[in-house]
Amino acid sequence: MAPSLLLASSCLLLASVATAKVCNDYTGHGVDAAWSAKDVPIMVLMPMNESALMSSISQGIEPAVQLAIRHIRESGNYSFSLITKIYDTECDNAKGLRAFFDAICYGPKHLMIFGGVCPSVTSIIAESLGGWNLVQLSFAATTPVLADKKKYPNFFRTVPSDNAVNPAVVKFLNFYNWSRVGTLTQDVQRFSEVRNDLTSELEKANIQIADTESFSNDPCVNVKKLKDNDVRIIIGQFDENLASKVFCCAYNLNMYGSKYQWIIPGWYQGNWWEQANSTNCTTKKLLTAMEGYISVDFEPLSAKRKKGISRRTPQEYELEYTREREQKGVEASKFHGFAYDGIWVIAETLKSVMKLLQKRHDMYHNMTVDDREVGKMVLDVMNETNFFGVTGQVMFRNGERMGTIKFTQFQEGQEVKVGEYNAIADVLDLINNTIRFQGVEPPKDQTIVHQQRRDISVPLYSILSTITILGMLMAGGFLFFNIKNRNHRLIKMSSPYMNNLIILGGMLSYASIFLFGLDGSFVSDKVFETLCTVRTWILIVGYTTAFGAMFAKTWRVHAIFKNVKMKKKIIKDQKLLIIVGGMLLIDLCILICWQIVDPLKRTVEKYSLEADPQGRDIAIRPFLEHCENTHMTIWLGIVYAYKGLLMLFGCFLAWETRNVSIPALNDSKYIGMSVYNVGIMCIIGAAVSFLTRDQPNVQFCIVALVIIFCSTITLCLVFVPKLITMRTNPDAATQNRRLKFTQNQKKDDSKTSTSVTSVNQTNTSRLDTLQTDNHSLRMRITELDKELEEVTMQLQDTPEKTPYIKQNHYQDVNNILSIRNFTDGKDGEKSVLKNHLEQKPQAQWGSMDPSRINRGPLEDINSPEHIQRRLSLQLPILHHAYLPSIGGVDASCSPTSSPASSPRHRQHMPPSYRVMVSGLAELILQAVRAGGPLDVLTHPQCPGTPPSLPTTIHPQSPPTIPAPQSQTTREKQQRMPAVL
């Protein structure tokens with residue numbers, strides 16, 4: 001209470017004590033004629049001066065008071081008549097106190113006080129009633145302050161308090177299931193008291209107060225705060241002057257319509273928005289913002305058509321009041337019904353008290369009752385008041401009227417009653433189909449936020465899963481191909497066990513895609529958290545298995561071809577498995593430490609609200625599930641570093657073995673391509689995945705495509721070339737066409753080309769290559785044999801061309817011998833044979849002695865006729881004579897018939913022996929020139945085969961005997977390169 005009110009109340013209490021002997025004594029005398037008189041005076045306090053505040057209320061009250069007194073008199077149920085004496089308080093504290101003091105001192109002895117319109121004046125007087133043993137009944141004082149019975153024990157009112165609307169408001173909120181509200185209160189004591197009481201009622205009803213705002217002049221800032229706090233149901237406590245400002249701010253902030261509901265006091269004057277509009281908003285804007293608000297106020301007249309204590313219905317009373325008011329020419333007051341029922345309350349109270357006094361007097365003739373006891377009797381009787389008046393059921397609870405609260409709604413520029421609340425029965429009665437919300441349904445008490453998971457699209461998951469299944473089927477096909485052909489030389493050289501591990505790693509990588517696409521829409525939160533760990537383990541282990549096996553294969557090739565000494569070195573698959581197992585062991589150590597120290601957990605990331613795409617009064621709050629932990633960056637860095645080192649090691653091995661030209665054995669080119677593609681795709685995929693973490697479909701699509709691409713390209717690069725080679729040329733892949741390995745020396749920059757003689761683990765050696773070359777050269781010899789036969793036939797048919805043909809034929813013989821020596825000899829031996837042949841003068845083969853040209857054909861044994869005859873018989877013998885020396889043994893003869901026919905003998909035949917063969921050929925040719933017999937060239941054991949060669953045949957060369965091989969030479973010949 002304000003200090004001025006406290007001071008005035010204190011002065012009044014002191015004045016009442018000081019003037020007790022001067023004014024009429026209300027404290028100690030016995031019952032006098034006042035309670036037995038026919039006319040009972042009633043003190044009426046209200047502002048009557050037209051210039052006074054709230055005087056309009058008093059002017060409309062007087063006709064109702066006079067009408068009630070007349071109706072009481074006409075009823076005949078009362079033995080007394082009420083006489084009212086009006087004292088003008090002018091809504092001023094000082095003038096109100098003076099009027100009250102004058103009425104006490106100089107007026108008749110009043111049994112009760114009726115009135116009290118202005119809250120300040122009423123509160124001062126009501127606080128001092130206990131000293132005068134008087135009871136005051138107000139019909140218009142609605143301030144909640146007067147509800148304090150410790151301070152105002154003798155105060156009653158027929159009008160409900162402003163706090164009386166709070167239970168009704170709570171009931172209304174519960175009816176529409178509004179459990180979240182906000183308050184906007186004018187910073188005035190009257191409204192603050194209502195808000196405090198409302199807060200208490202809301203807490204009892206478990207209704208959340210989202211925000212409480214108070215303002216003095218400009219409410220826009222506070223209205224904006226309500227909007228920011230998503231307050232949709234707003235309970236306002238302010239007068240009509242500020243109500244226009246509030247709704248103007250609401251219009252500017254778009255806080256009206258189907259999403260908002262305003263609840264404000266209902267005691268504003270009619271068309272208040274026109275009279276109190278002091279804003280820059282037009283009336284149209286105000287009406288737009290005000291449309292649909294709910295106002296709450298007490299019911300001035302009951303809507304029930306029921307006759308009450310005055311034997312009139314509220315409607316009949318209203319008609320009489322209207323006639324009475326119009327006769328006096330005053331405006332109607334909303335409190336006239338409460339004033340009318342108040343007079344009836346006083347009459348009923350006095351009647352009951354008089355009966356009690358009369359009863360006591362009859363029982364105790366000499367007993368006296370002072371005013372203190374009478375005042376207490378009045379309080380007790382008034383608390384028991386219960387009748388139906390024109391304002392409804394009149395009943396008090398601790399001095400407060402338990403009245404009826406009405407609800408009205410502003411619809412199309414006017415207020416329409418939509419329901420009422422009976423405080424006595426605690427019942428809310430809403431009139432059917434009268435409330436019209438601007439939406440299809442009542443507004444929500446807050447923005448209904450639908451938690452929407454940003455999940456993986458089912459069609460996208462299905463498409464990527466289908467592609468993944470195709471990839472796994474492809475991997476299964478490669479596995480079937482690898483197992484089926486595991487004994488084939490091509491597959492065997494490529495380490496089928498390592499190939500199986502590569503396929504297994506690829507299939508594990510494929511399988512992780514299924515787990516990456518499962519989120520909370522498919523599995524529970526607990527299962528999702530488990531998947532976070534499982535899919536990480538599968539992807540990491542699959543990557544290490546595939547690339548570890550690939551790099552292990554490359555390491556074996558590197559280890560063999562780096563063997564400069566060409567010592568025998570066997571690296572079995574078991575050792576490669578141990579290497580892959582070591583890599584996996586490192587992975588397991590990292591993953592186990594990760595799981596124990598800082599395991600992956602399900603985290604939810606929420607995003608800002610979004611409007612409903614269907615236009616409903618809801619908001620969408622997307623959220624996304626992640627697999628994260630406290631130190632996610634550190635663990636990912638460790639994994640990325642390890643995998644990066646593994647890829648760098650693979651690149652190094654691929655580069656070092658790039659010159660090994662056995663496709664079945666060396667995958668370095670494909671490993672390099674695979675590492676390049678995987679590295680680029682992983683870098684791009686990781687970056688894009690991080691940037692699109694709030695878009696799960698995009699992120700999942702990128703991650704899945706990166707895994708599919710990396711796994712598919714790796715498997716295809718490893719196995720597709722093998723498939724193609726198996727279909728086209730299965731032997732070419734296992735042959736070494738160059739077999740050179742380049743080694744960078746540390747001491748100098750020169751490159752040493754090392755001839756590789758053995759590279760196959762499955763008994764593949766240099767012998768295969770030499771046999772292939774031997775086969776091709778044998779074919780060449782066969783062709784030359786055919787040419788030799790053709791030359792022989794030509795010599796038989798054309799004797800005149802003998803010298804020319806003989807010279808060409810001799811050259812063919814030399815070519816044959818040179819080719820055979822190249823076939824069986826080494827590089828050094830080829831050069832020896834070549835030099836030996838070049839030392840032979842061409843005259844021995846292609847020219848004749850000039851001295852014999854002039855001889856006659858009959859005198860010279862070397863005439864063309866003789867030469868033709870001898871060549872036709874001796875050249876075939878010559879052909880069969882040198883073939884055993886170089887390995888061309890006839891099939892009809894046993895290989896043991898000649899020592900030169902043994903493959904071992906041919907392989908180790910020294911250059912001196914090959915010179916002997918050349919000398920033999922020259923000896924035979926000289927014999928042909930001399931015309932000597934050649935029968936001695938026939939071997940006795942095998943016809944057509946030359947005998948063992950003598951040690952001295954060549955006439956121009958010393959005897960040549962095969963020199964014994966040294967131990968160093970034998971070791972060098974027996975040394976074989978490493979076998980895979």
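Contact here means heavy atoms within 4.5 Å, while helices (H or I, at least four residues) and strands (E, at least two) are DSSP runs numbered from the N terminus. The model is predicted, so that local features need pLDDT of at least 70 and side-chain atom pairs count only at pLDDT 80 or more, whereas totals for chains, interfaces and linings use all residues. Residues are numbered from 1 along each chain as its sequence is written, and side-chain values use heavy atoms, with hydrogens and water left out.

Two packed helices are described by the angle between their axes and the distance between the axes. With helix α20 (residues 632–656), its axis comes within 11 Å and crosses at roughly 175 degrees, the axes being lines fitted to C-alpha atoms over the stretch in contact, with angles running from 0 to 180 degrees between N-to-C directions. Because angles over 145 degrees count as roughly antiparallel and those under 35 as roughly parallel, α19 and α20 are roughly antiparallel to each other. On the α19 side the contact includes Met 583, Ile 586, Ile 590 and Trp 594, and these residues and others of α19 meet a set in α20 that includes Trp 635, Leu 636, Val 639 and Tyr 642. The residues of this contact divide into 13 nonpolar, no polar and two charged, where Ala, Val, Leu, Ile, Met, Phe, Trp, Tyr, Cys and Pro count as nonpolar, Asp, Glu, Lys and Arg as charged, and the others, Gly among them, as polar.

Helix α17 (residues 496–516) packs on α19 at an angle of about 25 degrees, with the axes 9 Å apart, and the two are therefore roughly parallel. Here Tyr 497, Met 498 and Leu 501 of α17 meet Asp 573, Leu 576, Leu 577 and Val 580 of α19, a contact of six nonpolar, no polar and one charged residue.

In the loop between β19 (610–611) and β20 (618–628) lies Asp 612, which at 9% relative accessibility counts as buried, that is, under 20% relative accessible area with a 1.4 Å probe and protein chains only. Leaving aside neighbours within four places in sequence, Asp 612 is in contact with Ile 618 and Ile 620.

Turning to helix α6, its buried residues are Val 165, Asn 166, Ala 168, Val 169, Val 170, Phe 172 and Leu 173. After α6 comes Asn 177, whose phi is positive, near 60 degrees.

How values were computed
Parallel < 35°, antiparallel > 145°, perpendicular 65-115°, else oblique. Buried < 20%, exposed > 50% of the residue type's maximum accessible area, 1.4 Å probe, protein only.
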